[in-house]
Amino acid sequence: MSARRIEGAGLVDRAVELRFTFDGKPYKGYEGDTVASALLAAGVRILGRSFKYHRPRSVWGAWSDDPNAIVDIALNGTRFPNCQATTTYLSDGMEVRSVNAWPNANRDVKSVLNLASRFLPAGFYYKMFMWPDWHLFEPTIRKMAGIGTLGADVIEGYDATILHETCDLLVVGAGATGLAAARAAAEAGQAVLLVDDHSSVGGRLLSSLDPIDGQSPADWIDEHLRAIQSAGGRVLTRTTAIGVYDHHAVSLVEDRGLGTAPIVRRLRPSRMILATGAIDRPVTFVNNDRPGIMSLDGAAELLGRYRVLVGQEIAVLSNRPDCQQVVADLQAAGAKVQVLDPNQATAKAIGTRHVKALKSGGRVVPCDTVLASAGLTPAIHLWRHAGGKLDWDEARQAFLPGWGPDWVSVVGAANGVYDLELSLMTARAAGLGECIADRGTYTLPPLWPSVSAKGRQWLDFQHDVTVKDIVLAKQENMVSVEHLKRYTTLGMAGDQGKTSNMPALATMAELQGKPIPEVGTTTFRPPYTPIPLESYTSAHKGRAVAPLKRLALEGEHRKLNAAMGEYGGWLRPAWYGASNEEEEAVARECNTARNAAAIMDGSALGAIEVIGPDARAFVNFVYYNTMSTLKPGKIRYGFMLTEAGRVFDDGVMACIDDTRFVISCSSAHADAVMAHLENWRQDSFDPSRVHIHDATQNWSTVTIAGPKALEIVKDLGVLAEADFDDFPHMSLKHGSFNGVLARIARVSFTGDTSYEISVRNDHVEALWQAALEIGHPLGAGPVGTEALVVLRAEKGYILIGKDTDGETMPHDLGFTVPRIKKKAAFVGDRSLHTETANRVDRKNFVGLEVEDGGGLLPIGAHIVGSENGEPLSLGYVTSSHMSPTLGRPIALALLSNGANELGQIVTTWHMGEERKARVASPCALDLDGERIHA
Amino acid sequence: MQRFPCPFCGPRDEREFHFAGEADKDRPDTTQDISDEAWADYLFNCKNSCGPTREIWVHFPCQEYFIMERDTVTMSVAGTTSVRKDLT
Ligand SMILES: [Zn+2]
């Protein structure tokens, strides 16, 4: 016989029928059912298969302590893999499938693995990964391993709502104890928040008909709930406190049903009371994993809440002095119940697909269900998250809260208090901030796994960890609990070790001849129960966290049919033309730039102003290059270094006057440069005498570069004709455009004569249009970011982070003078004179010319040499482009001692392909720099 | 998630802060000779104390660096002080 639904109130609403399928067959349940209770009520016994041996599995517990029943559920067209059947509330239309079973849980062809179990001992995977070659076994193992199947479905808008809450007292667990504590506190005027992970409050009172304080459990619960709420307390159900973090932080996750993202509440209560109860512990005996063997409290919960009687002929195997109450309730519901001596050394379950009898103490007891409980394990997870310690209690055979943080109290069964009256008294005191240390008396005769029994005894049901695996782990010296857990996969079932950890600990203690507390426990980590990963992110991700930076000229670029792309957080024109015409567009734009003039949007370049009487000293300190001598109106190129001497950023800096400088930095790097400068400003300077300000977004810049640039800029009228008489490369002048201030800088990123014209954002559109209009008859036109990268590479101008790595120092890039000559202190100075900095085999920045007549060298290709006959990487290709101007491929690289290898032929290697290249100057075009002054 | 008191903005969530180094570690005068060992001490070696520490942190929204005294075992924060001479 199997389980069935019986008469009686319970918490299910029989007026609301819910239809669902399991492995394709139709079933029905009621509103208030979990997937597990509905399936059990319908007579389904086998809900899944175990992970390693594919043994049939039913439920063991009735809630989050169930390690067995994991199912895939499809609802409204979306699949949800690996749902715990015992904690997932049933919805109409669910299509439930068993996992790890083929073709279904009832008939599983892979269960032949069960017979081959001696080939799958603890550590099997680790050993196979190592020997003889993981790839030999990988396809088979991959097919066998893993539970459930990940769906590719993405639910639009499935983002947790994150709320920030506040309260004086958080009470976790709304059983009798939690209700009593919350009521006492609320009536004393505290702002109370009471949470429970079930859909109804009441906890174990809902599994019992025994009067409490002279009332029926239902009336008592109702009265307390109303008292709490009328005193201003708040109650949240289906809400799990998943973790306690530093500085009183607690996360609550509210389950809103499958397919609806949870609500996450974060709060820092002044006080917290844990009334989280205790979890039933399995009895470890031979074949104790058979369907039909389950926890005593689980059976009580199924009966009380869902009116599901788990069996008709029930054998109870328990050392718990309080098991008689459950026995009486089961008998009242119509079951035949026998209580057996829980001597697990001789106990053995009979029956393959379902338990048929229990062999115990020499006799065979026919039964369809075995309720096995080896005692209670207090749920102290949150106490451990909060930093509380545990003490071993010999009388209760359990770890109980010991020393801990003063803002957290643990009451009721979670504190080892199993007497209801005492629980209520201590809970009410705790609600008022008082502490009663009395736990009452309770003695649990020890009932732990025996390593001498013949046959397999399960500890972790889902992952098939048996007592023998612990023996093997011990033999192989995996004695630390943390090693044991990882080696055997113990505690990785859906219940996260809630049922398996204690019996395994006790087994290891017996094997080592140590008392249990000396073996220790594993670390308790959040979340307490599995939650959707989206609970952690909410909408706080992607663009909502890092919005795109937009150019004032974006509309103009789009008018010109620009292909827009993200570059360092900015949305910039990649090239002008269709998105699939990159190659032609880049070549065309390079030709425009070299033959006439490129008209470019330079607004994304960082512009950081340094202002104040100490500004000059400050910039000299933060730059590798000597900046103290820079005269007003002049511009200098330089590097910023980290204190370890590594190149951090490069760019030009302009001197406006003696107290005002403008640093221009890589567009992707502006925020990091700001933070870097701010650090040194506050560390080494008087912040009241030097100020820095990121003005990037205050200006927009149109850059005009190429042989026709001067002609176009003169025509724009931003400067008087006479200004051009004395306007050399690397200088700055102020002019005007449309009557507003314009800053005109002669700096170049292309190697051609170049003018950067910066104006207020609201005037840049007119400036851009004017430049295009004047430039057009001369052959000039808009040029995007991709072409600019090629133009830079032709000149050997580095891109920090692309042509440099975390080791690069300025002298590796050919900038050697300040290292030797600069007298003043600067960031990173001393690091440029260490043994590492002086090595001759440092990777230097070089150019590579293709020598084998082939195409582009692959970026990332290693330059290979050899040492004692072994191949050796000497460096790698950092940039590689086809140069339309030169009509050949160009490449840049970092090469060991490259500065002294000019003219040498080297071999590059990438994905098995060898190429030949000649080491050259990074500058492939106009080595003498004549174009820049043209 | 820890909560730190910025000396300028008050208590804020940990994610707004960034660790910047051990406190009381002055930059050596690099215009003078400094041994490799002394430089390495300044640059890389830290006490990494188990227990009470003094550290430099930065609060990103206001960009101010400050000293925080806290305990790396209990995670309790004893207090924060500005490093700004004009504010202390
Ligand atoms: Zn602040």
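In which crossing, left-handed or right-handed, does helix 7 of chain A pass helix 8 of chain A? The legends below take up this point after an overview of the chain. This is a predicted model, in which local features need pLDDT of at least 70 and side-chain atom pairs count only at pLDDT 80 or more, while totals for chains, interfaces and linings use all residues. Residues are numbered from 1 along each chain as its sequence is written, and chains are lettered from A in the order in which they are written.

**View 1. Overview of chain A.** Chain A has 24 helices and 51 strands, where helices (H or I, at least four residues) and strands (E, at least two) are DSSP runs numbered from the N terminus. Along its principal axes, the C-alpha trace of chain A spans about 110 × 70 × 55 Å. Of the 934 residues in chain A, 50% are buried, a residue being buried if 20 or more other C-beta atoms, placed from the backbone, lie within 10 Å of its own.

**View 2. Helix 7 and helix 8 of chain A.** The axes of helix 7 (residues 296-306) and helix 8 (residues 324-332) of chain A come within 10 Å and cross at roughly 40°, with axes taken as lines fitted to C-alpha atoms over the stretch in contact, and angles running from 0 to 180 degrees between N-to-C directions. That angle makes helix 7 of chain A oblique to helix 8 of chain A, since angles under 35 degrees count as roughly parallel, over 145 as roughly antiparallel, 65 to 115 as roughly perpendicular and the rest as oblique. Helix 7 of chain A passes helix 8 of chain A in a left-handed crossing, meaning that the near helix is turned anticlockwise from the far one by less than a right angle. On helix 7, A:Leu296, A:Ala299, A:Ala300 and A:Leu303 meet A:Val326, A:Asp329 and A:Leu330 of helix 8, contact requiring C-beta atoms, placed from the backbone, to lie within 7 Å. The residues of this contact divide into six nonpolar, no polar and one charged; Ala, Val, Leu, Ile, Met, Phe, Trp, Tyr, Cys and Pro count as nonpolar, Asp, Glu, Lys and Arg as charged, and the others, Gly among them, as polar.

**View 3. The side of chain B that touches chain A.** Here 17 residues of chain B are in contact with 17 residues of chain A. Helix 1 (residues 36-43) of chain B gives the most to the side of chain B that touches chain A, with three residues. The residues of that side divide into eight nonpolar, four polar and five charged.

Conventions. Contact = placed C-beta atoms within 7 Å. Buried ≥ 20, exposed ≤ 12 C-beta atoms within 10 Å, placed from the backbone.
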